[in-house]
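Trainee: I would like to go through this model one question at a time. Please show it first.

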Number of protein chains: 2
Amino acid sequence: MEIKKIPNLSVDCVVFGYDTDTKSLNVLLIKRYLESKKEDEILVDDYVLTGYHVFENETLDESASRVLKELTGLTNIYKKQFKAFGNPDRLKNPKDLIWIKNENFNLRTITIAYYFLLKTEDVSIKNNVYKPKWFSINKLPELGFDHQQIILEAYEDLKIKCLQDPIIFELLPDKFTINDVQDAYQSILGIEIDNRNFRRKLINKKYIVSLDEKQVGVSKKPAQLYMFSKDVYDKMFQKNYLISI
Amino acid sequence: MEIKKIPNLSVDCVVFGYDTDTKSLNVLLIKRYLESKKEDEILVDDYVLTGYHVFENETLDESASRVLKELTGLTNIYKKQFKAFGNPDRLKNPKDLIWIKNENFNLRTITIAYYFLLKTEDVSIKNNVYKPKWFSINKLPELGFDHQQIILEAYEDLKIKCLQDPIIFELLPDKFTINDVQDAYQSILGIEIDNRNFRRKLINKKYIVSLDEKQVGVSKKPAQLYMFSKDVYDKMFQKNYLISI
DNA sequence: CTATAAAGCGTCATAAAGACGCTTGATAAA
DNA sequence: TTTATCAAGCGTCTTTATGACGCTTTATAG
């Protein structure tokens, strides 16, 4: 059975991975490389997001999940479709034209951009055929197509979203310390938070559940471990309609 | 010069219009009607959003603005791209198939959905070739394609957005009373707000500017008129990073 | 056994939000 | 001219959330 691709429609996936140890929000990218055989000249040498054409028989969401699974092997990862990119000139800089010609792409391609949230360590980049690489959101390499723009817009959306919804826990391990959560917020938002106030605020939330466990293998006073209870959160459904304009 | 349409890509526009008098949030829809000539049977009789195929040489944003302008004559209206809809089966219920065949549409069409915010009275629906009609968001008619879903998702996005950004003023006339703003919030969010507290809060905002003018032609104590100063708002740029999870 | 540094508790001040009583004032009806 | 009406608009009190910051606790390294 042959699967038919829609030639002018693709999904692109911004895979955000948070590393609790280095406190770094990272993006997973794959290399794009092409050299001229005659002249021994490097034509394309940069990084891009993973993406692929949408198949005729799949939804956009399925398409994005498929791309993520092929890259990482992971399923059931937090996913958000955040924007469609489709300017007529979005793939028309010289390097992209060379690349597209090489890959037989269609010129005017609309891409539906998604972002995913996971833990950096959950992806095994060793022995991965795509040779993906993590880059800190603050130190992105040279990017192909309009992928820099896509990543930055995904990041902006993520910043707003993490203030409203408990998506921060998608980036953290199941068991975490209060400081882990604080570090994650600080890394993503680029702000400093007072630890004592943050601690009080979080501990008072009913959906932040204290475990009978502490950190092990740390050289300082070990911290209390907590988990996030999505059940409790959903039951509270604390849509506090606070008009903050 | 011929303009080439992209056959499988369209934009759809959810036009939200707020009516200050009736305190109603409305959606602008156009009728879809088709009857069988032989059997005198009504094949399609419902409403749809305005939308059209994207042209080869225009951006998605331009495409949406073009559709809005053709329908309403208006430009420079608040616009937001909020989601792409592209399920393989999104246009496959019987009525849509009949309609599509009639209109020579492509089957698997991805649509980039936008919503616009304006005042109901700014659109002249008399003598309009599209015969558009306003429907309250709470009393939508039977809708074609997947347009009910698109409208409801636009509405959800609008609800969240209006809590964070001063887009409420896109829906109100330039000069408004405090109660106008409150009514708009109440209509959109479906909540009750205490007038005295709301009034205090709003009047204290520096970007809510009191005018030397009052309501005229009302049979009760006329209310003070205000305007929204986007300049002041932008200068403050009060991105209060309040983590409200 | 002592220094270290993070974990964690407590206090105070300030600001925002919610509840609600009461006054003001323009108009229409008496 | 007076009076009833009703929304506009002001003020007060309480509660809660937040921010700033001092201080104690505790496990480990040296």
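Trainee: Which residues have the most contacts inside the largest nonpolar core?

Mentor: This is a predicted model. Its largest nonpolar core has 106 residues. Those with the most contacts inside that core are A:V14 and B:V14.

Trainee: Which residues does A:V14 touch, not counting those up to four places away in sequence?

Mentor: Contact here means C-beta atoms within 7 Å. With residues up to four places away left out, A:V14 touches A:V27, A:L49, A:A113, A:Y114, A:Y115, A:I150, A:I151 and A:A154.

Trainee: What rotation superposes chain B on chain A?

Mentor: Two copies of a chain are related by a rotation about an axis and a shift along it. For chain B on chain A the shift along the axis is 0.0 Å and the RMSD is 0.1 Å, with a rotation of 180 degrees. That is the relation of a two-fold axis.

Trainee: How many residues of chain B are in contact with chain A, and how do they divide by class?

Mentor: On the chain A side, 30 residues take part, and they meet 30 residues of chain B. Strand 1 (5–19), strand 5 (78–85), strand 6 (110–119), helix 3 (147–164) and helix 4 of chain B each give at least two residues to the side that touches chain A. By class, that side of chain B has 16 nonpolar, nine polar and five charged residues.

Trainee: Why can one say that the copies meet through the same surface?

Mentor: The interface residues of chain B can be looked up in chain A. The copies meet through the same surface because the share of chain B interface residues that are also interface residues in chain A is 100%.

Trainee: Which element gives the largest share of the surface near DNA strand D?

Mentor: There are 18 residues around DNA strand D, and A:R196, A:K221, B:R196, B:A223 and B:Q224 come nearest. Two or more residues of this surface come from helix 5 (195–204) of chain A and also from helix 4 (178–189) of chain B. The largest share, three residues, belongs to helix 5 of chain A.

Trainee: And which element gives the largest share near DNA strand C?

Mentor: Around DNA strand C there are 18 residues, of which A:R196, A:A223, A:Q224, B:R196 and B:K221 come nearest. Helix 4 (178–189) of chain A and helix 5 (195–204) of chain B each supply at least two residues. The largest share, three residues, comes from helix 5 of chain B.

Trainee: How many charged residues does the surface near DNA strand C have?

Mentor: That surface divides into nonpolar, polar and charged residues. Four are nonpolar and six are polar, and the charged ones number eight.

Terms used: Residues numbered from 1 in each chain as written. Chains lettered and ligands numbered in written order. Predicted model: local features only at pLDDT ≥ 70, side-chain atom pairs only at ≥ 80, totals over all residues. Core = buried A, V, L, I, M, F, W, Y, C linked by C-beta atoms within 7 Å. Buried ≥ 20, exposed ≤ 12 C-beta atoms within 10 Å, placed from the backbone. Contact = placed C-beta atoms within 7 Å. Least-squares fit on C-alpha atoms with pLDDT ≥ 70 in both. Near = placed C-beta within 6 Å. Helix = DSSP H or I, 4+ residues; strand = E, 2+ residues; numbered from the N terminus. Nonpolar A, V, L, I, M, F, W, Y, C, P; charged D, E, K, R; others polar.
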